[in-house]
Amino acid sequence: AGAYHSCGIRSGVALCWGHNPDGQLGNGTTIDSTTPVNVGGGAGTSGWTAISAGAYHSCGIRSGVALCWGYNPDGQLGNGTTSASTTPVNVGGGSGTSGWTAISAGRYHSCGVRSGVALCWGYNSDGERANGTTVPSSAPVNVGGGGGTSGWTSVSAGYHHACGVRSGAFLCWGDNYYGSLADGSTTNAGTPVRALPPSTDWVSITSGSRFSCGLRSNQTVSCWG
């Protein structure tokens with residue numbers, strides 16, 4: 001569920017409903033809907049395996065390809081433009097690239113995992129893209145900069161921060177005013193910082209507005225921010 005809209009997957013078909021002034025429902029219109037509409041319009045397409053509703057945009061994975069739709073002034077759709085789209089566009093532009101296994105739509109930025117490497121795109125004033133800069137990007141950039149690092153299994157984009165799991169370790173980056181990076185400080189980070197106390201048994205994470213939560217292999221849930 002995003003700010004004013006929600007999305008889900010039913011029998012491999014992606015559907016969204018709710019507020020739609022920026023095309024965040026992905027059905028080719030800007031008309032609100034109180035019932036689910038097929039992403040892509042018409043009868044929809046199958047093959048969807050993941051979906052995430054951000055503030056005013058949405059993203060998903062279909063047959064290994066990442067797609068986003070809706071609001072896009074900061075490049076949060078990841079297709080190399082800042083133009084909104086009422087239908088899904090391929091992250092990376094063109095025909096897109098396969099190998100995506102996770103995706104998350106935040107407020108004005110998005111993140112995902114492709115072939116074990118974490119990438120983010122869109123708004124970046126607080127270091128949400130985690131490449132050591134505060135420059136926005138309308139195309140995916142590797143978390144950590146350079147060629148990126150492998151071993152990422154999940155990622156979650158929040159309001160102005162993001163978190164992910166790499167080789168069992170929990171890392172966060174971006175805005176940290178409320179301590180949402182869990183590194184024991186309130187200092188923003190433009191590259192991933194490891195959550196405290198350090199451990200390598202994290203299995204899943206989620207980033208909220210200005211807080212984050214994670215699940216460890218012993219079924220312990222922790223939150224901070």
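Residue numbers start from 1 along each chain as its sequence is written. Because the model is predicted, local features need pLDDT of at least 70 and side-chain atom pairs count only at pLDDT 80 or more, while totals for chains, interfaces and linings use all residues; side-chain values use heavy atoms, with hydrogens and water left out.

Turning to the disulfides (pairs of cysteine sulfur atoms within 2.5 Å), the structure has five of them. Counting bonded cysteines along the protein chain, the pairing runs 1-2, 3-4, 5-6, 7-8, 9-10. One of the links ties Cys-7 to Cys-16, S to S 2.1 Å, and it is right-handed, with 105 degrees about the S-S bond. Cys-7 counts as buried (under 20% relative accessible area, where exposed is over 50% and partly exposed lies in between, with a 1.4 Å probe and protein chains only) because its relative accessibility is 15%; Cys-16 sits at 0% and is buried too. Cys-59 and Cys-68 are also joined, S to S 2.1 Å, again with 105 degrees about a right-handed link, and both cysteines are buried. For Cys-111 and Cys-120, the S to S figure is 2.1 Å, the right-handed link has 105 degrees about its S-S bond, and both ends are buried.
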